[in-house]
Every structure is written in structure tokens, then in C-alpha cells.
Amino acid sequence: MNSPISLNLTRADLIVSHNFIAGNWQPSLETNPSTLAVTDPSDASLIAQVPDSGAADALAAIDAAQHAFSDWKATPAKERANVIRRWNDLILAHKEDLGKLISREQGKPLAEGHGEVIYAASYVQWFAEQATRANGEIMLTPDRSKRLMAIREPVGVVAVITPWNFPAAMITRKIAPALAAGCTVVAKPAEDTPLTALALVKLAQEAGVPPGVLNIVTTSRERAAQVVDVWLADTRVRKISFTGSTPVGKHLAKASAPTLKKLSLELGGNAPFIVFEDADIDAAVEGLMVAKFRNGGQTCVCPNRVYVQTQVHDAFVKKLAARVAALKVGPARDPSSQIGPMINPRAVEKIERHVQDAVSKGAQVVTGGHRIERDDAPLAAYFAPTVLTEATPDMACSCEETFGPVVPVTRFDTEAQVIAQANGTPFGLAAYFYSQNPARIWRVMEALECGIVGINEGALAAEAAPFGGVKESGYGREGSVHGLDDYQHIKYFCQGGLG
Ligand code: ADP
């Protein structure tokens, strides 16, 4: 194996190569410990090695989290909030280093890496504030001799399992509310991007999160199930918060049923993006560029299917194609890159398969449609930003998330027809539409089967908003005033004999 490349971080110690359990940075506890190479997806150069953990590490993490739980639960909310707030300050103070780390291990352009740090921190700040507002309630009594009250309590140990596309924000969006609620955490970041998560945990330690309250173990994809199966089976783990694919989400739901854990599942999407004939076409093109090409199209809320009403179809496609063809593709380390490499060869193969399938079923390639070979990227990790027209429901790109820079466009005639098409999927995370007709705006917003709707807007994420899906896109809401609910249960108590 080559020696690691240097990222020239201000704080080189933010690149960590150990698990963090019970307040200690440690190698894997497995009898024959092995490691996992973390690489830059643009050229497969080695960044660092982390533990390829197994069941022993998973169990040690639960032991630590369970041991720390009673004290963290009893810690006054204001003290917990102060620790979380310090974590937020440290994340922002290390924005440059964290942004660099995110973009190098995940592949998103550097500016997006820095943007993700701010986005990730916004959840930490939000939940520091929410921690102090998780009040109980006193109900009006039906009986003069009784008083009825309810308080919110932390559920216990929470297992956090995250994907690679937002290596920082997915971690903070789960860990911050867990800590705010008074839960303790065992976390497993995605195998492609563990370094950002480890760096964030290091900053949490520096912020004063007590030993055992936050534990993290890293694994390869091959051993992910070994770690997570321990958490699924253990009665001490009371909740799982997962963002990732629908098949893995369904597996977690099934496997956690015997111990009836609480679950938050933020799963795959297949977002429709609808442009009505009464839309501002320039705004719609702009909104699609923002929503679709963030992170190279590797987001669960990015538009996967674009429907354009016949009257404006050709004008929209022409403007869109010009914008897409001008996107600059290149490695994250090049500040002028707008689309980075895809996360791994598996991802590029899927995108290529979707495009070839669409073309074989009659789609037209307006721009792109192929891999980009670069001398500095022997693995051909790049896919050209692509616009397809004449997309139909039987194409893989219409039924599955492509998770890449591909826009399949379908023309439609009526509102009823496009609503049926938009809803004709098992998924229901995000949907977008552009229209300037107020009556239609309400009608369509109400008719769409999804958890998040963008109306004349492509950028929807905000810590104050409830993020989550319906149907097979999962359940639970992250962020917003509802974001603590999944980490708490409500305890009702009744005092009698009062007269
Ligand atoms: P993607 O295809 O985008 O990588 P996944 O759902 O496969 O999405 O991965 C999301 C997270 O789930 C990652 O942390 C991954 O390691 C984890 N994971 C994958 N397979 C399993 C499994 N069988 N059991 C538990 N976790 C898994």
C-alpha cells in the first residue's frame, strides 16, 4: 500500500486512525485486527487507515454507552446544551480542515465541503438550543384528587448508522439530538468516509462530551453487518437512527423487531421535479441545477425524474442542456471543479447502466451520457453531466435512484397525468415543482405523496425544517422542533390523594 497523501490540515491530528470507545482512542479489539484503507475517490490515493472493526468493538461500544447513560441522562439539560454548543463552536473553528477532509474523502468540490461543515454545525447549534426546551406538560385533571403530568426522557443507547454522501451532516443531524435528549451513542460511519466522522468525534471530546457518551467504530462494508448485528440484537440499544438505502433500512426494521427498538429511517428517494407551463422557466432551470447537481447528484433529495409540460418542454431542455454542458468536472482539490468524482466504481457502473438502459429504450442523449477519462484518474471515477429526453416509466432511471449527474426529462400534458406519474413510485422523500399559479401550487403541494416539497425552490435543507419521508423512504423527522421526539419517550405520571 502507498503511503498516505498529506492534506496539509492546520490540525493534522484531526485525521484519526482509531475507534473511540469509553473515552479512549483505540485499535480494534478483534483477535486478528485488520484495517480499512480510506482513499480519495478521484485517484484512489491513500488518505489513512482506520480499524475494520468487528463484534468485539461493537459490544465494547454498547458497554461504554450503557455505563455512561445514567449520568448523562441526569446531567441538567443546560449543562448538556453547553457541551453541545462548544462542539458547534469547535466545528466552525475548524471549518477549513473539516471541509478539506470531507471533500477529499468523499469527492465533493471544496466549496461544497466547506458548505457542508456549516450545514452540519447548524444542527449542532439547533439541538443545543432544543436541549433546554424539551419541557414536560401538566394536563387538566378529570378528578379533583389527582394531578396528571408527563415528562420527556431519553430512550437510552442510540445506534447511529450513516451514509457517505454527507460525511459530516448525517453524523451531526443524528448525534446532536441524541446528546441533547440525554441519550448516549454508538456510531458507525460509512466505510467510504469514516475520517470526517472521527474528526467530529475528536472535536466532541474536546468540547467536553464525557467518556462513554459518544462512541464510534469504523468498519469495511464487508464487516458492517457484523458490527450492526450486535447492536440490533442487544436489548440495551433502544433506538436506531439510520440514513441509507431502502433495502438496508428494511433489514434494520426487521432485525430490530425482536427487541422493539425505536427506529428513524431516512431512506432512498426518487424525487420528481415538475415544470408546469405557467412556471418561470429560468427559475426552474436554476432550481434544477441547484437541486440536481449538488454533490454530483449524489443526494437522496436530488431530482431523479424531471417532468416538463409540453408547451415549455423544448425551451426548458435547451436552457438546461446549455447549463449542464458548461459544468466543470474535476477533482475536489481543484477549486474550479463543480462536479467531483463519484464515490466509488460501483456508483459509476450504476450510472452508466441507467444511461445505457434508457438509451436502449428510446431516450435521447442531449448532452453527456458517458464516463470521463482523465489521466490523473485511472479508475474513470467521473461521469459527464447528462441530460436525457423522452424518458419513460419503464426505464431504470425512472424507477431507481441514479445517484449521479443524470437528468432524465419526460414531457407531460396534464396536471392529473403528472401527479399520477410523480406519485407512481414506492418512494416519497422529496418532490419539487415550478408554477406561478397560486391555486395549482396548493393543489399540487397537497397531492404529492412525499415528506418534503420544494415550490419554486431547489434548495430545501435547513436545520429548522423537519426532514424525512413517507412510504418506502422511511419514517421519523430530523431537525426542527420535532427532531428530538425520536430520541425521547414520554413518561406520564399521576399523583393521587390530593383532596
Ligand atoms: P449506499 O448504497 O448508499 O452505500 P447503504 O444503505 O448500503 O447505502 O449504506 C448506508 C450505511 O449502512 C453505511 O454505513 C453502510 O456501511 C451500512 N450498511 C450497509 N449494509 C449493511 C448491513 N447489512 N447491515 C448494517 N449496516 C449496513
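Me: Why is Phe 403 called buried in this predicted model?
Reply: Its relative accessibility is 18%. Buried means under 20%, so Phe 403 counts as buried.

Me: What makes Trp 164 buried?
Reply: Trp 164 has a relative accessible area of 15%. The cut-off is under 20%, so Trp 164 is buried.

Me: Why are Trp 164 and Phe 403 called an edge-to-face aromatic pair?
Reply: The ring centres are 5.7 Å apart, and a pair needs centres within 6.5 Å. The planes stand at 90°. Angles over 60 degrees count as edge-to-face, so the pair gets that label.

Me: How do you know that this pair links distant parts of the chain?
Reply: Trp 164 sits in the loop between strand S7 (157-161) and helix H5 (169-181). Phe 403 is in the loop between helix H12 (396-399) and strand S18 (406-412). The two residues are 239 residues apart.

Me: What makes Arg 173 lie over the face of Phe 467?
Reply: Arg 173 is 4.1 Å from the ring centre. The distance limit is within 6 Å, and the position must also be within 35 degrees of the ring normal. Lys 239 lies over the face of Tyr 487 as well, at 4.8 Å from the ring centre.

Me: Why do S5 and S6 count as paired strands?
Reply: They share three bridges, in the antiparallel sense. Pairing takes at least two bridges, so S5 and S6 pair. Within this pairing, Glu 137 has Ala 150 in S6 as its bridge partner.

Definitions and conventions: Residues are numbered from 1 along each chain as its sequence is written. This is a predicted model: local features need pLDDT of at least 70, side-chain atom pairs count only at pLDDT 80 or more; totals for chains, interfaces and linings use all residues. Side-chain values use heavy atoms; hydrogens and water are left out. Rings of Phe, Tyr and Trp (its six-membered ring) pair if their centres lie within 6.5 Å; planes under 30 degrees apart count as stacked, over 60 as edge-to-face and the rest as tilted. Helices (H or I, at least four residues) and strands (E, at least two) are DSSP runs, numbered from the N terminus. Buried means under 20% relative accessible area, exposed over 50%, partly exposed in between (1.4 Å probe, protein chains only).
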